[in-house]
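Hi,

Here is the structure I promised to pass on.

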2 protein chains.
Amino acid sequence: MVTQERGADTASAILDVAERLVQQRGFNGFSYADVARELGITKAALHYHFPGKAELGERLVRRYGERFAEALRAIDDGPATAADRLAAYCEVYRRVLLEGRMCLCGMLAADYDTLAEPMRAAVVGFFEQNEAWVAGLLEGGRTDGSLVVTTPALDAARTVIAALEGAMLVARPFETAAVFDAVVGRLLADFVPGAA
Amino acid sequence: MVTQERGADTASAILDVAERLVQQRGFNGFSYADVARELGITKAALHYHFPGKAELGERLVRRYGERFAEALRAIDDGPATAADRLAAYCEVYRRVLLEGRMCLCGMLAADYDTLAEPMRAAVVGFFEQNEAWVAGLLEGGRTDGSLVVTTPALDAARTVIAALEGAMLVARPFETAAVFDAVVGRLLADFVPGAA
DNA sequence: GTCTATAACGAGATAGAC
DNA sequence: GTCTATCTCGTTATAGAC
C-alpha cells in the first residue's frame with residue numbers, strides 16, 4: 001500500500017522541520033517550499049497533511065505545548081527542592097537557545113499580530129500553562145523555604161518567564177549564550193537564598 | 001519644482017509608517033505595498049527613497065537608535081537619583097507597549113536570522129548602546145547608594161534589558177500591560193532598596 | 001518626486017493522475 | 001501518500017513617462 005518509503009509519520013517529520021524553521025526564522029520567514037525541499041517531497045504532499053499554513057502552525061503550537069508539559073512533569077518528578085526545579089526549568093530554555101532556536105511561542109508572540117485566531121489562542125494557552133506551573137513551583141518553594149518569593153506567585157512567575165524569553169531574544173543578535181547565562185544567573189540569585 | 005505636495009520629508013513619513021508596521025508585524029510581516037497604500041503613494045515612489053527593503057530596514061534601525069539615544073540623554077538630564085532614572089528608562093518601554101508595539105530592535109532580534117548583514121550590525125549596535133547606558137546608570141546608582149547592584153554592572157544591565165524586552169514580548173499575546181507592569185514592578189523592587 | 005506599467009519571482013493553494 | 005501541472009495572488013524591483 002505504501003508508494004513512498006516513510007509511512008504515517010511524514011506528518012511528524014513535517015512538523016519537526018517546520019518547527020525548527022519557525023523557531024529560527026519566524027512564522028512569516030518560512031514557506032511550504034522550504035519544508036518540502038528539506039524533506040525531498042513536494043508542496044502538494046505538504047498540503048495533503050496540513051491543508052494550510054495556519055493549520056500547520058496551530059498543530060505546531062499544540063505539539064510544542066504537549067512536549068513542554070512532558071518536560072515540566074519530568075522536572076516535577078526530578079529535583080527534590082524547588083530551587084533545583086527552577087534551575088532545571090531555566091535549563092530547558094537554555095538547551096533550546098544552544099540549538100540556535102528561539103522558544104517557539106516566544107517567536108510567535110512577536111508574530112502575534114499576523115496570526116489567525118486559532119493560532120493565537122494556542123499561543124496564549126502555552127503561556128498560561130507555563131505561568132501556572134511556575135507559579136506553583138514558586139509557591140512550593142516559599143512553603144519549603146528553598147525559595148524567596150516576596151511578590152504574588154503569579155507575578156513572580158511572569159517575571160521568570162519574561163526574563164527567560166527576553167534573555168533568549170536578546171541573545172540572538174549576539175550569537176552567544178553569555179547574555180542568557182548572565183540573566184539566568186541573576187534570576188536564580190534573586191530567588192534562591194545564599195546563591196548571590 | 002514640486003509636483004506632489006509633501007516635499008523632502010516623504011522619506012521620514014515612509015520611515016514612520018514602516019517603523020510602526022515592523023514593530024507590530026515584524027520585518028517579514030509587512031510589504032512596500034502596505035506602506036505605499038497607507039501614504040497614498042505608489043510602490044515605485046518608495047523605491048525612489050529607499051532602493052530596497054534591506055536599506056529601508058537599516059535606516060529604520062539607525063533612526064530608532066538615534067531617537068532612543070535622545071531619550072536616554074533626556075533621562076540623564078532629568079531625574080536626580082539613579083533609581084528614578086531606572087524607572088524612567090522602564091517607562092520608555094512601557095509607552096511603546098501601550099502603543100501596541102514591540103521594541104523595534106526586540107522584534108528584529110526575533111527576525112535576526114532572516115536579516116541582511118548591514119541590518120544585523122545595526123541591531124547589535126542598538127543593544128550595545130543600551131547595555132552601555134544602563135550599565136553606567138547602575139554603576140552610578142551603586143556609587144550614590146540609590147541602587148543595590150550585587151553583580152557586575154554589565155551583567156545586571158543585560159538582565160534589565162532582557163526583562164524589559166521579554167515583558168513586552170510576553171505581554172503581546174495577553175493584550176494587556178498587566179504582565180509588563182508585574183515584571184517591571186519586580187525589577188525595580190530588586191534594584192531599589194526599600195521598594196519591595 | 002511621483003506616476004504607470006510590467007517584469008520576475010515566490011508564495012499559498014488546488015486538480016487530478018498514479 | 002505523493003506526484004505533476006497549474007492557478008492566483010502578492011512580493012520586490014525596474015524602466016521610462018510626466
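**Two helices side by side**

H5(A) and H8(A) are roughly parallel to each other, a label used for angles under 35 degrees, with over 145 being roughly antiparallel, 65 to 115 roughly perpendicular and the rest oblique. Before the details, some housekeeping: this is a predicted model, where local features need pLDDT of at least 70, side-chain atom pairs count only at pLDDT 80 or more, and totals for chains, interfaces and linings use all residues. Residues are numbered from 1 along each chain as its sequence is written, chains are lettered from A and ligands numbered from 1 in the order written, and side-chain values use heavy atoms, leaving out hydrogens and water.

Back to that pair: helix H5 (residues 82-98) and helix H8 (residues 153-174) of chain A have axes that come within 11 Å and cross at roughly 25°. Axes here are lines fitted to C-alpha atoms, for helices over the stretch in contact, with angles from 0 to 180 degrees between N-to-C directions. On the H5(A) side the contact (heavy atoms within 4.5 Å) is made by Leu86(A), Tyr89(A), Cys90(A), Tyr93(A), Val96(A) and Leu97(A). H8(A) brings Val160(A), Ile161(A), Leu164(A), Glu165(A), Met168(A) and Ala171(A).

**The chain as a whole**

Chain A has nine helices and zero strands, taken as DSSP runs numbered from the N terminus (helices H or I, at least four residues; strands E, at least two). Its C-alpha trace spans about 60 × 35 × 30 Å along the principal axes. Of the 196 residues in chain A, 54% are buried, meaning under 20% relative accessible area, with exposed being over 50% and partly exposed in between (1.4 Å probe, protein chains only).

Tyr64(A) sits in helix H4 (residues 53-76) of chain A and counts as buried, at 9% relative accessibility. Leaving aside residues up to four places away in sequence, Tyr64(A) touches Glu19(A), Gln23(A), Val96(A), Cys103(A), Leu104(A), Cys105(A) and Phe126(A). Leu104(A) is 40 residues away along the chain, yet its C-alpha is 7.6 Å from that of Tyr64(A).

**The two copies**

Chain A superposes on chain B by a rotation of 180° with 0.0 Å of shift along the axis (RMSD 0.0 Å). That is the relation of a two-fold axis. Gly166(A) has the C-alpha nearest the axis in chain A, 1.7 Å from it. The superposition is by least squares on C-alpha atoms of residues with pLDDT of at least 70 in both copies. The copies meet through the same surface, because 100% of the interface residues of chain A are also interface residues in chain B.

Cheers
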